[in-house]
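The stops below go from selection to selection.

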Amino acid sequence: MTIPGEFCNMRTRIIALQQPETGAGVVSDQTTSSRPVSAIDPFSHAFLRDPYPYQEALREAGPVVRLEHYGIWAMARHEQVRDALTDWRTYCSSAGVGLSDFRKEPPWRPPSIILEADPPLHTRTRAVLTRILSPAAIEVLRDMFEREAEQLIARLVEQREFDGVADLAEAYPLKVFPDAVGLSEEGRENLMPYGNMVFNSFGPRNDLFDQATANAGPVRDWIMSKCSRAALAPGKLGRQIFEAVDAGELTEDEAGMLVRSFLSAGIDTTVYGLGNALYCMTRYPDQWRALRENPALIRGAFEEVLRFEAPVQSFFRTTTGDVEAAALGCVRARRCCCCSRRPIAIRAAGTGLIRSTSAAAPPGI
C-alpha cells in the first residue's frame, strides 16, 4: 500500500497527511500552525488491516502530529514513545489506556488495577503478579505446557491440514492458560469474546466496538463469576493471587480484579502472538527453513515475531501536567496513546496515539 500526495507545505508550515484511500488537503486550523496535521484515523478498518504505511507517514511528518479526526496529538517516533511509556509521573495510566478518558466518562467495566493503574497501587499489584509469574513459579507449569503442546501437535500432524489460528493459535492458549489459572471447563468459550471486548474498547464507539459488545452482559457476568476465590481450583495461579489477600497484600475485591486482568490480558495476546508467528513463517519461508534447520533459534524467533508484528498495537496515556513534547511546544494535561511496534501518538487537547520500535525493522526473523 502506498500513501499518495505531498505531505508537507513548507510555506505555510502547516503539514497535512493524506488517508491512503481518500487524500486530504492542507489543514488551516490556527491552533495547529507549524505543526503536522493528519487526516489518518488509526481506528479505521483500512488502518487496522495494514497500519504500517500510515505509521510511516506519521513518523516522517514529525515528532508530534495532530490527528484531526479525534483532536489528539500523535507521536510516531521511538524517542517520544519511549518517554511516554517509561515516565508514569508525566504520562499516567489511571485515566485509562484507551481512547476513553475515565475521568470524563465511566468505563464499560471496572478499570484494571494492573493495566489502568499508577504507583503506588500499580506497584503493589504488580509485585503480587511478579512473584506468581517468577521463572521458578513458571517452571512448575512447564511439564503441563509441554505435554499439552505435544498432544495438540500430534493431533494436528495426524490431520495433515488444519486452521492455524483456530486449531493451534487459539486452541492451545484456551486449554493451558485456563488450566493454569484454575478455571473450570464450563464456559471457556467466553474467554475470546471477552478479550475481544476489552481490546475493542480501547478505540472509539464504532462498529467494531458494537459487534464486540453485542453480547457483553452474559460474557461479562461469566467472567466475574469465575474470578472469585471459590470458583478457582486450589493450588493454581488464580488461588495464589487470593493468597496475597490472606497475607494482607490485597483486598478480596482486588484479587478478583487481578484474576480478571490476568484472563483478559493473557489469552488474547498469546493467541495473536502465535497466529502472527505462523503468519511470519509463511510470509518469510527462508526464515521458516532456517528455524527447521536449527530449532534452537525458536525462542529468539518468537521474540522477534512479538517485536515485528506486535500482538497489542496501542495504549493511551494521560499527561499529568504541562509537557514539553518536541516540536509541539507546551502541551497541557491531556491524553496520549502509545502503540507497541512503531511509535504513533500523544493525546493533547483531546487524545493521542504512539507505537514503539525502531523505524526500520528488518524483514523476517
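Leaving aside neighbours within four places in sequence, which residues is Val-181 in contact with? Select Val-181 and display Leu-232, Lys-236, Leu-237, Gly-238, Arg-239, Val-259, Phe-262 and Leu-263, which are its contacts; contact means heavy atoms within 4.5 Å.

This is a predicted model, in which local features need pLDDT of at least 70 and side-chain atom pairs count only at pLDDT 80 or more, while totals for chains, interfaces and linings use all residues. Residues are numbered from 1 along each chain as its sequence is written, and side-chain values use heavy atoms, with hydrogens and water left out.

Val-181, Ile-241, Leu-250, Val-259 and Leu-263 touch the most other members of the largest nonpolar core, which has 48 residues. A nonpolar core is a set of buried Ala, Val, Leu, Ile, Met, Phe, Trp, Tyr and Cys residues joined through side-chain atoms within 4.5 Å; buried means under 20% relative accessible area, exposed over 50% and partly exposed in between, with a 1.4 Å probe and protein chains only. Helices that each supply at least two residues of this core include helix 6 (164-181), helix 10 (237-246) and helix 11 (252-283). Helices (H or I, at least four residues) and strands (E, at least two) are DSSP runs numbered from the N terminus. Apart from this core lies another, of 16 residues, including Leu-58, Ile-72, Ala-76 and Phe-316.

Stay with Ile-72 and select strand 5 (residues 72-75). Ile-72 and Ala-74 point one way, Trp-73 and Met-75 the other, and all are buried. Strand 4 (residues 65-67) runs antiparallel to strand 5, joined by 3 bridges; strands pair if DSSP finds at least two bridges between them. Arg-66 has Trp-73 as its bridge partner. The two strands form a hairpin with 4 residues between them, and Gly-71 in the turn has a positive phi of about 65 degrees.

Now go to Asp-167, in helix 6. Asp-167 counts as partly exposed because its relative accessibility is 29%. Leaving aside neighbours within four places in sequence, its contacts are Leu-152, Leu-156, Gln-159 and Phe-162. The C-alpha atoms of Asp-167 and Arg-155 are separated by 10.0 Å.

For the last stop, select Val-97, Gly-98, Ser-100, Phe-102, Pro-107, Trp-108, Arg-109, Glu-116, Ser-201, Phe-202 and Arg-205, which line the largest cavity. A cavity is a set of points on a 1 Å grid over the protein atoms alone where a 1.4 Å probe fits but cannot get out, and lining residues have an atom within 4 Å of a point. Its volume, the space filled by probe spheres set on the points, is about 90 Å³.

Technical notes: 1 Å grid on protein atoms, 1.4 Å probe; cavity = no way out; pocket = protein on both sides within 12 Å on 5 of 7 lines; lining within 4 Å.
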